[in-house]
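Let's take a walk through this protein together. Keep the viewer open and click along as we go.

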Amino acid sequence: MALKVIQRLQLFGQTGAHLCPPIGLGRFSGLLTASAEELLCAACLRTSADQWIQGQGCRKLIQPVCGRMNFSTIAKDPFYTAGSVALHKDSVPRFCLSHLHQPTDGEEKAFLDRLKGCSSSRQVLRLLRTVEIMSDTMAAEALHRVADLEREGHSLKDPAVLEKDPLWSLCCQLEEDSGRLTEAGLVSALLACTRLYLDPWSTLVVRLVSESQRRLDSTQMSLGQLCTLGRALLALEGPGCGMLEQVMEQVQRQEPAQWSPKELTDVYGLLQAGVGMEARYQGLLNTMHSRAVSVSSRMDPLAVSSVLGALVVMNQTQTVPLVISLCKQAVRHIPHFRDEELGMVLGALMHFGHSDHSFVEAMERHVPKTAFTAHPETVTKVIHYLGRRNILSPAVFDAVAESFVYRADDYTTSQVARQIMAFGKLNYLPPNAGEVFRKVEAVLDTRFSHFQPRTLLNLLHSCILVERFPVNFVSKVFNRFFLQQLQEQDTGIDRIVLAQLTQLYMTVKLECPFYAGPRLLPAYHVKSFLTPGRSLETPVDGHLYNRVKNGLVDLLGDRAYFASRVLTPHCYTLGNARLDADNCNLVRYMITVSDHLIVTYSILKRNGARTQSVGFCFLLFQMWR
């Protein structure tokens, strides 16, 4: 109430003091008769002192050094505590650092929740105009949210957003009052400036860096604040920054064995950002890995995904126990992961080549519920992970196939190709296969030119693996222009590309004899699909291969009587099949002795009796030239 009265008195002084001199206003008369240059803000008044804040005042009409926006600053005022920003109730938004009316925890949480709900920078600005008082950490979070919404590549979608009120006013206030910000607000604001691509030599950034250096020298920052400052310095000057070395010295003085999951996540994030590259601080990392294993059961979804992502970026391949522990914890969090977090977890599991039965089961429960609403990249990562790890989960594949029919138009060409590649690799056709591949054909019809050459080849090759023959599009693949585009890509035409082209051409000629389009030039043919280190076919299970090999040695008498992986002219390659029927368990495995000769080894068990037989069959597939 008192504040409102003072504000009305000030308004009266601005508009009508020259008409009637104030009578009986006591010490307030100084405010009402002051000149325009000396006008004070009502929030700047002391309630328990007889004097005004002379010389500093509100400075409403003084242009700040950082631009055109006016704002007011309160210095050395016991009425407020450091670290909050207040919005004046003027016609133009003005911020000032407040020392008394700190927002409560509930108010701050409500503000942050509303901030996260903003889907555009315009909504953020609108929200700022409704806030009268905010802490410096709230102000920094507002800048971070604008960065989240405006960043695109290495620039902002709309750089002019920084010149709009009240964002401009907020930046000016942070510049002038950098010395009065809390450590958390200071380093967060500096990091936000780097994310908004502000000029490193701008007055705002220079003052924030200078104040950070002073605090680093004179005070003990928390581990989280050191990590935030380190990330900002990395963005400004790179890993060679001297101030960054000082930050890392303070980090290493602390004991990792005592760090909380949040602190571990912060340090992993700093090292991932560039400090820990090229095996730097590996000793610190090893200690952190041991600590992370012990506290992994207490990590939340963000911590699990962040640590796994950091391990991938730093290529910490020796951390198998930590990856296993984090995967077990991820099973509990699958229903609670955000899309980007789940995508990071799946990417890490693919990178480290790890799969877990419980994790797959949790995915089978979760994906059918979210396949239609999850981010397209997340859905693609899920099925891509199963394909990479050779895990056939009909529940997941069927759910993804259903969503594909309705959502494929919103997918990128890469996402379309990666989803179909998983079906092809595992040779699985969902119940709605007809609808799926009609949708694939529609996408190819409308967006054929949008596909990268290698992506298109992967898609078409995957189709033939499930006996869906893209006759309408292979003619475009075999022409010279497309082959030239393949050569001009970064990867060029390697043996895998040549093998895919050969299989695609061979399949069309054998399965679609009516095809009359261009032929694949002989220069692009390969004589064998066996490629060192990689194969177009699913790798044979080593345990089963050894069992069959040993059985053949026992049956034939010597290893010299048969061979595998013999390079011969091209044809189809048969894999393995497993049959279980009645009381008969027939395990049939086919070893490719040559591309024309298949040795079939069968073990037949019936009612406890065991018989062995070897049959030789010749498959003569003539390549059409």
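First, a word of caution: you're looking at a predicted model. The protein chain has 25 helices and 11 strands. Of its 625 residues, 49% are buried. If you take the contacts between residues at least 6 apart in sequence, 66% of them join residues at least 24 apart.

Next, have a look at Arg 447, which sits in helix α20 (residues 433-447). What is the nearest side chain of opposite charge to this buried residue? That's Asp 409, 5.2 Å away. A salt bridge here needs a side-chain nitrogen of Lys or Arg within 4 Å of a carboxyl oxygen, so Arg 447 is buried with no salt bridge. Beyond its neighbours within four places in sequence, Arg 447 is in contact with Asp 409 as well as Ala 408, Tyr 411, Thr 412, Thr 413 and Val 416.

Over in helix α10 (residues 242-253) you'll find Gln 246. Its side chain makes a polar contact of 3.1 Å with the side chain of Gln 213. Once neighbours within four places in sequence are set aside, Gln 246 is in contact with Gln 213, Leu 216 and Asp 217. Gln 246 and Leu 216 are 30 residues apart in sequence, yet 8.2 Å separates their C-alpha atoms.

Last stop, the backbone. Most peptide bonds are trans, and most residues other than glycine have a negative phi. The peptide bond from Asp 165 to Pro 166 is cis, with omega near 0 degrees. Pro 166 belongs to the loop between β5 (155-156) and α6 (167-176).

Then there's Asn 315, a non-glycine residue with a positive phi near 55 degrees. You'll spot it in the loop between α13 (301-313) and α14 (320-333), where Asn 315 is partly exposed at 43% relative accessible area. Asn 427 also isn't a glycine and has a positive phi of about 55 degrees. Asn 427 lies in the loop between α19 (413-425) and α20, and its 54% relative accessibility counts as exposed.

How values were computed: Residues are numbered from 1 along each chain as its sequence is written. This is a predicted model: local features need pLDDT of at least 70, side-chain atom pairs count only at pLDDT 80 or more; totals for chains, interfaces and linings use all residues. Side-chain values use heavy atoms; hydrogens and water are left out. Helices (H or I, at least four residues) and strands (E, at least two) are DSSP runs, numbered from the N terminus. Buried means under 20% relative accessible area, exposed over 50%, partly exposed in between (1.4 Å probe, protein chains only). Contact means heavy atoms within 4.5 Å. Lys and Arg count as positive and Asp and Glu as negative; His and the chain ends are not counted. A polar contact is a pair of N or O atoms within 3.5 Å; within protein, one must be able to donate a hydrogen and the other to accept it, and residues adjacent in sequence count only if both atoms are side-chain atoms.
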